[in-house]
Amino acid sequence: MGYREIYQKEKEYVTERFLLVAERIRGIARQPEVPGRYQGYFQKTAAFIELALEVLQMEQQGKLDGRTLEECEALNARLYADILSRPVRGSKFYGLPGLENGGEGAGYETSYANPAYAVQQLGEDFGGLLCFLYTECRALIAYAFEGRMPDMVILLELYVEVYTRFCDREGTSPQEVRQILYWHFHDYSEVFVAQGVRESVDPRLDFFTGIVRSADLSRPEYLYRYGAYISENERRTAEFLAGLPEGQIQAMADTFTEGFRMGFVAAGKDLSKKRSVSIHYAAGFERVVRKAMENFAALGLETIIFRDAVSSMGGRGHGSHGCYTVSPNRQFDYDHRNDDAFYLDKAFVERRLEVLRNSYEEYKGLAAVYAGPAVQEVFGEEPFAPVQKKEAARYSEKQRQLRVYYANAAGQVSNQYIKREERSYTMISYPVAAIGADYEAIFAQTVQVNTLDYTLYQNMQQRLIQVLDPAKQVRVAGKGKNHTDLLVSILQVEHPDKETAFENCVADVNIPVGEVFTSPVLKGTDGVLHVTGVYLNGLFYKDLEFRFMDGMVVDYNCANFADEAENKRYIRENILMQHDTLPMGEFAVGTNTAAYRMARDYQIADKLPILIAEKAGPHFALGDTCYSHEEGLAVFNPDGKQIMAKDNACSLLRLEDETKAYFNCHTDITIPYDELGAITALRADGSAVDVIRDGKFVVPGTEELNKPLEGISYTANRQNIQ
């Protein structure tokens with residue numbers, strides 16, 4: 001039974017409700033019976049919903065398949081026009097219905113999905129609420145393309161219920177509308193959460209795997225069957241990959257799947273007990289994904305692919321998961337990243353946790369045989385610095401604490417059914433066409449970086465470990481405008497002949513090759529970490545600074561905004577992940593100077609993903625250690641030494657109370673070589689040995705690492721960052 005059969009069975013229970021609410025929507029689009037101030041909102045949003053209903057009808061009649069490219073493009077343009085970051089003037093579809101008839105106001109600036117515009121037009125009392133409602137209704141696009149009528153009915157009935165309150169002659173109140181929204185999410189938690197759990201572990205939900213297996217990948221029309229926003233980026237990426245030789249596509253897939261398999265081998269985990277794996281990828285890479293699916297099948301694993309979140313309940317706007325595309329507008333995503341603030345309270349959180357436990361219990365058989373995620377990230381989009389809008393939803397202090405509580409508790413539930421010690425993962429990155437004119441050259445260079453000789457790096461990294469292991473502390477100092485000055489405390493192993501504090505990280509789960517890392521001892525880890533400019537999870541930070549005392553963040557700031565309070569809020573929300581503080585969960589020395597050279601040669605350092613950037617200099621992670629929830633597993637380096645530095649003072653609290661041990665986040669911050677003065681191992685006897693001096697490796701036997709650094713010009717890229 002595939003997704004069509006599953007949804008068809010569910011459809012039988014809601015058809016009558018669907019017909020009634022759909023007819024009501026059509027009436028609203030023709031003539032909304034609400035006060036004049038709200039007529040434009042309801043008429044325009046109902047017209048959008050009508051378009052989603054048309055899509056559902058096309059899906060039911062099989063008309064979404066076999067469309068011409070022009071038909072695909074036209075529908076995609078209409079569905080996403082009003083959240084695009086700018087008008088689409090110059091497009092051959094400019095002027096279509098839904099594009100404001102070609103007017104200068106087309107796009108996000110005059111969309112009711114824009115909280116600033118919604119508040120301006122609808123007032124502070126209802127603007128935010130109605131903006132949120134419309135943004136939730138945009139999930140109808142995904143539901144229509146998948147034929148998920150029951151999910152559409154739930155949203156349509158919410159929309160009509162809110163509309164009905166505005167039709168009341170006595171009027172309504174913001175509190176009344178907020179209560180309608182609150183109880184909608186509370187009452188349907190069981191549906192939303194259960195669907196999310198099932199999508200993550202059940203291969204029978206095969207909407208995406210069916211497209212990858214069966215579509216004609218030589219033609220771009222297949223991209224539009226997803227129902228996601230398709231830009232020139234996805235088109236050009238798919239076109240480029242379509243032209244690559246079969247052998248190269250196979251090699252890319254082999255690197256990906258072999259890294260996943262080796263994750264089990266290296267950690268001594270049993271892959272034979274597993275039956276499924278989830279693939280996360282950007283649309284356009286289907287040729288590689290198809291081969292990867294075949295490789296995984298040969299390992300006895302069925303592939304799971306789900307859609308990136310489209311609802312605030314699923315974490316819309318918080319990253320790229322499952323099958324995803326380049327965002328139509330990252331400001332839109334940023335504006336709505338905290339939308340659950342409209343219904344988040346203690347009762348809701350407890351209800352959601354209860355449903356999460358029940359859902360995992362229902363699907364525990366599927367969860368037990370899930371092997372983990374195989375993640376393909378992409379990079380190349382223009383860097384993004386968000387505008388902070390006062391009209392966007394914000395958490396109260398109590399809600400912020402609830403978000404931290406929920407993330408912790410939900411992580412415990414998930415780990416109970418999908419045990420970290422029994423699963424693995426792999427991650428790899430490739431550029432997309434948005435990176436610019438050098439796309440093909442950068443792509444080829446990235447393939448080389450992803451397939452470097454790991455034995456060569458393994459041997460050089462072992463030389464670094466031999467210097468770092470005896471250290472009591474490691475001092476990291478910046479140079480020039482970088483004022484980093486950190487002392488990182490290192491675990492002292494009891495049996496140095498057979499134990500080590502550092503992992504020699506080669507390319508298995510974490511591709512590409514290139515780092516040695518440890519979990520720092522928190523006590524005595526003090527000082528300042530600073531970078532002049534960095535992009536983390538797609539967001540830009542200027543002069544980002546953290547101050548540590550005994551391994552914990554005690555202060556932080558950046559220079560993005562004129563208001564210091566806004567700078568601190570920006571960091572707390574997007575790096576500290578709503579926590580008041582985080583520990584230094586990792587200290588690492590990146591060794592992939594080839595990746596660093598690629599970044600400088602093509603001036604793309606500001607576009608590299610963390611996965612590659614962390615290998616291109618020393619980095620420090622805020623949050624959990626790299627061994628989170630797996631501290632009890634014995635892990636060994638290639639030389640046979642057991643890695644002992646897997647815990648810190650925070651993670652050890654799991655022995656008393658697991659709720660206090662983990663933070664459910666891990667963000668790497670890298671100091672580029674050109675901002676690095678020195679990394680020096682400080683030993684208990686008072687001696688000091690440099691690992692890096694003036695941005696170059698100085699440990700004998702690591703000279704090869706300096707070759708890519710020769711003759712680099714840093715000026716142009718530093719101007720890009722600043």
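Predicted model: local features only at pLDDT ≥ 70, side-chain atom pairs only at ≥ 80, totals over all residues.
Residues are numbered from 1 along each chain, and side-chain values use heavy atoms, with hydrogens and water left out.

Okay, the numbers. Helix α2 covers residues 15-30 and α7 covers 149-167, and they pack at about 45 degrees with axes 9 Å apart. Helices here are DSSP runs of H or I, at least four residues, numbered from the N terminus. Axes are lines fitted to C-alpha atoms over the stretch in contact, and angles run from 0 to 180 degrees between N-to-C directions.

Who touches whom? In α2, residues including F18, V21 and I25 meet residues of α7, among them L156, Y159 and Y163; contact means heavy atoms within 4.5 Å. That contact has ten nonpolar, two polar and three charged residues. Nonpolar means Ala, Val, Leu, Ile, Met, Phe, Trp, Tyr, Cys and Pro, charged means Asp, Glu, Lys and Arg, and the others, Gly among them, are polar.

Now, holes! The whole structure has five cavities of 30 Å³ or more. A cavity is a set of points on a 1 Å grid over the protein atoms alone where a 1.4 Å probe fits but cannot get out, and lining residues have an atom within 4 Å of a point. Points join across faces, edges and corners, and volume is the space filled by probe spheres set on them. Of its 13 lining residues, E146, E199, L205, F208 and I305 are closest to the centre.

Key: 1 Å grid on protein atoms, 1.4 Å probe; cavity = no way out; pocket = protein on both sides within 12 Å on 5 of 7 lines; lining within 4 Å. Helix = DSSP H or I, 4+ residues; strand = E, 2+ residues; numbered from the N terminus.
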